[in-house]
Amino acid sequence: MNDKKKQIEQLPEEFESYEEAAEFWDNHDTTDYESEFETVEAEVKLKRRRFEIEIDADLMPVLTEQAHKQGVKVKNVVSDILREKLRSTV
């Protein structure tokens, strides 16, 4: 068993860039710096709720193609299709 304490590099006061911060945290463990963190309060207002649903695998290529043609994300295509279908059934 190793009784030597691990040498912890001092946390920089500020990072020069996001890249520098990323490199630091890629090579260091946040649990070694817990005493440096402070609790903050944040108020968050969710603008929209999102839900995950399962679809059959054979639908994904078709949806992806449609999204590519429309220049949007697959989730937008699916939402549009569902809205249209639900409108026609009301």
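**Fold.** I noted at the start that this is a predicted model. I looked up the secondary structure and found three helices and zero strands in the protein chain. I then checked the spread: the radius of gyration is 24 Å, well over the 12 Å that the globule rule gives for 90 residues, so the chain is more spread out than a compact globule. Along the principal axes, the C-alpha atoms fill a box of roughly 70 × 35 × 30 Å.

**Burial and contacts.** I asked what share of the 90 residues is buried, and got 8%. I also took the contacts between residues at least 6 apart in sequence; 18% of these join residues at least 24 apart.

**Surface and charge.** I get an accessible surface of about 9,600 Å², with 49% of it belonging to carbon and sulfur atoms. I located the 14 positive and 23 negative charges, and their mean positions are 13 Å apart.

**Aromatic rings.** My search of the whole structure gave five aromatic pairs. For Trp25 and Tyr33, I find ring centres 5.5 Å apart and planes at 85°, so this pair is edge-to-face. Trp25 also pairs with Phe37, in a tilted arrangement with 6.4 Å centre to centre and 35° between the planes. Trp25 sits in helix α1 and Phe37 in the loop between α1 and α2, so the pair ties together parts that are 12 residues apart in sequence.

I checked accessibility too: Tyr33 is buried at 4%, Trp25 is partly exposed at 27%, and Phe37 is partly exposed at 45%.

Conventions. Residues numbered from 1 in each chain as written. Predicted model: local features only at pLDDT ≥ 70, side-chain atom pairs only at ≥ 80, totals over all residues. Heavy atoms only, no water. Helix = DSSP H or I, 4+ residues; strand = E, 2+ residues; numbered from the N terminus. Rg over C-alpha atoms; globule rule 2.2 N^0.38 Å. Buried < 20%, exposed > 50% of the residue type's maximum accessible area, 1.4 Å probe, protein only. Contact = heavy atoms within 4.5 Å. Areas by Shrake-Rupley, 256 points an atom, 1.4 Å probe, with all protein chains shown as cover. Lys, Arg positive; Asp, Glu negative; His and termini not counted. Charge placed at Lys NZ, Arg CZ, Asp CG, Glu CD. Phe/Tyr/Trp six-rings, centres within 6.5 Å; stacked < 30°, edge-to-face > 60°.
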